[in-house]
Amino acid sequence: PLYTDSTASATLTLTKADTTLTTSTFSGRPGDKKSLTATLKRNSDGAVVSTKTLTFKVDGTKIGTADTDGTGVATLSYKILEAFSIGAHTLTVEFAGDGNHNASSGTGALNINQAPVKITQSNVVGNLGKAVKLSATLKRYTDNTAMSGKTLRFQVDGQNGHLTA
């Protein structure tokens, strides 16, 4: 042979891949069930990153976690509670990173709208001059949940009173 065998060695250094996490804006009312979603992708080639746990937060308060599927999408089934006020809230989704990927986060919004309510009451029969018990139930229309800690105003023959549900 014209040439002799030769070998050389070098160090190959691999670094963690940067990721991008995206989410959207979601809207609903207290009692509504929503599917909150986020997508995790690798920056270098745009490939989806699957089987990773994402943490969902509203205004910094953790509301749950979900794992990314084969398309890089994590879906959190979330029932909007009264813990958050009516209006726009920041939805943050976080990926803590792992041995191959750097951490990332994405922001969207959770818009909470007023929920309609319904009041049910029972007919009352009583004798003139005797006290009677009036009762009513206040329920959220979206999921029929009885609400407590709310003050209801009622009138009997034009006179006001209060009932705490």
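Is Thr51 buried or exposed? In this predicted model, Thr51 is exposed, its relative accessible area being 63%, where buried denotes under 20% relative accessible area, exposed over 50% and partly exposed the range in between, with a 1.4 Å probe and protein chains only. Residues are numbered from 1 along each chain as its sequence is written, and side-chain values use heavy atoms, with hydrogens and water left out. As the model is predicted, local features need pLDDT of at least 70 and side-chain atom pairs count only at pLDDT 80 or more, whereas totals for chains, interfaces and linings use all residues.

Although Thr51 is not a glycine, its phi is positive, at about 55 degrees. The residue belongs to the loop that runs between strand S3 (33-42) and strand S4 (53-58), strands being DSSP runs of E with at least two residues, numbered from the N terminus. A positive phi is also found at Asp59, likewise a residue other than glycine, with a value near 50 degrees. Asp59 is placed in the loop between S4 and strand S5 (61-67), and with 42% relative accessibility it counts as partly exposed.

An open sheet is formed by three strands in the order S1-S3-S6, with antiparallel pairing, two strands being taken as paired if DSSP finds at least two bridges between them. The antiparallel pairing of S1 with S3 extends over five bridges, and Arg42 in S3 is the bridge partner of Thr19.

The largest pocket has a volume of about 190 Å³; a pocket is an open set of points on a 1 Å grid over the protein atoms alone, where a 1.4 Å probe fits, with protein on both sides within 12 Å along at least five of seven lines, and lining residues have an atom within 4 Å of a point. Of its 14 lining residues, Gln121, Leu134, Ser135, Ala136 and Phe154 are the closest to the centre. Strand S9 (117-121) and strand S11 (151-156) each supply at least two residues of this lining, and S11 gives the most, with five.

The second largest pocket holds about 170 Å³ of space, and its lining includes Pro30, Glu82, Phe84, Arg140 and Lys150.

Key
Helix = DSSP H or I, 4+ residues; strand = E, 2+ residues; numbered from the N terminus. Points joined across faces, edges and corners; volume = space filled by probe spheres on them.
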